[in-house]
Amino acid sequence: MNKIETKYHNELKSWPYKEASQIIKRQGGYSNFKIPEKKFILFETGYGPSGLPHIGTFGEVVRTSMVINAFKSMIDCPTKLITFSDDMDGLRKVPENVPNKEMLEKFIGKPLTSIPDPFGKFESFGHHNNAKLRSFLDEFNFDYEFVSSTEKYQSGDFNETILSIFENYTKILDIILPTLRAERKETYSPFLPISENSGEVLQVKIEEYKMDSKTIIYKDPSLDKLVETEVIDGKCKLQWKVDWAMRWMSFDVDYEMCGKDLTESVDLGSKICKALNKKPPTNLIYEMFLDEKGEKISKSVGNGISVDEWLRYASPESLALYMFQKPKSAKKLHFDVIPKTVDEYLSHYNSYSSLDKNKQYDNPIWHIHS
């Protein structure tokens with residue numbers, strides 16, 4: 001990829017370049033850019049595998065890829081994109097679009113990778129949905145590395161950061177507790193022990209944090225007695241907001257975008273990083289997708305349209321254009337949007353070759369096809 005001359009950087013107006021500039025600034029700026037010790041800039045996207053990948057998943061990965069391409073056109077530094085699956089999360093409810101619902105009812109609260117696959121194809125429900133995610137991303141030829149939460153917790157890769165969180169748990173409580181309701185404050189802990197008896201991810205009060213042994217003591221509901229467990233090696237999972245901060249610190253994530261509904265999580269995760277003397281990633285908060293009535297699109301409600309439905313009528317490039325346009329504005333996603341976006345794509349495509357080279361960099365076609 002040819003590098004854009006530095007003298008033109010300030011003229012670039014499209015949002016991927018604005019985001020890439022923030023990453024460059026984070027590393028010292030154009031003239032003093034410092035490649036991280038890990039030797040690359042790390043981008044992350046996240047996925048909750050309790051359901052199948054959807055149009056929001058596509059949007060997050062394609063938009064992040066656009067920022068990566070913009071970054072690579074501005075400065076000479078390797079990059080990596082990881083797609084992280086939170087597959088150690090406990091199953092909260094049985095999805096509507098799966099077979100064998102009665103079987104899954106017995107596994108509520110257990111990690112997704114510890115639950116049988118209701119489709120009978122993979123070793124667990126989490127593995128099934130992870131495979132769907134990878135197939136989904138591969139279909140669009142995204143350049144990414146898949147990372148499993150379960151594998152990272154159980155292999156000990158997260159241990160160092162988890163122990164740092166354990167040693168600083170009071171600082172983290174000072175950050176999180178003021179945001180909780182009174183009854184939740186009574187039992188909140190950064191740590192969710194996984195019961196060795198029931199296998200469930202437990203939201204229980206921690207009776208004692210034992211600093212010498214790096215263990216916690218809690219009452220296991222399935223045994224009705226106090227249990228002591230280590231916090232490492234996958235014997236505990238972290239609460240969501242703490243887990244996200246732990247991931248940022250453990251991987252040294254430089255950039256991650258997310259939806260507006262996670263604004264508070266970004267704020268608290270960033271505060272946790274700073275409390276542990278770590279730098280949080282640069283973050284873009286994008287607006288949500290709406291249906292034709294202006295209501296938020298929901299997988300469970302089934303409003304809006306899916307990736308498959310869009311691709312039944314139009315090209316992947318037109319869908320990428322839809323994702324490119326104004327990510328910080330709420331976007332209505334319904335069938336009438338498709339022909340309009342196709343027309344806009346063709347207009348941008350037909351005008352692209354006649355533009356000055358530096359104008360081409362701001363044209364959506366450059367971002368879609370790079």
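Predicted model: local features only at pLDDT ≥ 70, side-chain atom pairs only at ≥ 80, totals over all residues.
Hi everyone, thanks for coming. Let's start with a pair of helices. Helix α9 covers residues 240-251 and helix α10 covers residues 263-275. Their axes come within 8 Å, with a crossing angle of roughly 55 degrees. The crossing of α9 past α10 is right-handed.

Which residues in α9 and α10 meet? On the α9 side you'll find W240, K241, V242, W244, A245, W248 and M249. Facing them from α10 are E264, S265, V266, L268, G269, S270, I272 and C273. If you like to look for spacing in lists like these, here is a handy reminder: an α-helix has 3.6 residues a turn, so residues three or four places apart point the same way.

C273 brings me to the cysteines. How many disulfides are found in the whole structure? The search finds zero. Take C236, which is in no disulfide: the nearest cysteine sulfur belongs to C273 and lies 20 Å away. C258 is in no disulfide either, and for this residue the nearest cysteine sulfur is again that of C273, at 13 Å. For scale, a disulfide needs the two sulfur atoms within 2.5 Å. Are these two buried or exposed? C236 counts as buried, at 2% relative accessibility, and C258 is buried with a value of 2% as well.

Staying with buried places, let's go to helix α12, residues 316-324. Seven of its nine residues are buried, so this helix is largely enclosed by the rest of the structure. The buried ones are S318, L319, A320, L321, Y322, M323 and F324. After α12 comes K326, and its phi is positive, near 40 degrees.

Leaving aside residues up to four places away in sequence, T57 touches Y47, L133 and F136.

Now for a contrast: where is R181 found? R181 is in the loop between α7 (169-176) and α8 (182-185). With a relative accessible area of 59%, R181 is exposed, because the cut-off for exposed is over 50%. The side chain of R181 also has a partner: a polar contact of 3.1 Å joins it to the side chain of E183.

That's my tour, and I'm happy to take questions.

Key:
Residues numbered from 1 in each chain as written. Heavy atoms only, no water. Helix = DSSP H or I, 4+ residues; strand = E, 2+ residues; numbered from the N terminus. Buried < 20%, exposed > 50% of the residue type's maximum accessible area, 1.4 Å probe, protein only. Polar contact = N/O pair within 3.5 Å; in protein donor to acceptor, adjacent residues only side chain to side chain. Axes fitted to C-alpha atoms, helices over the stretch in contact; angles between N-to-C directions. Left-handed = near helix turned anticlockwise from the far one by under 90°. Contact = heavy atoms within 4.5 Å.
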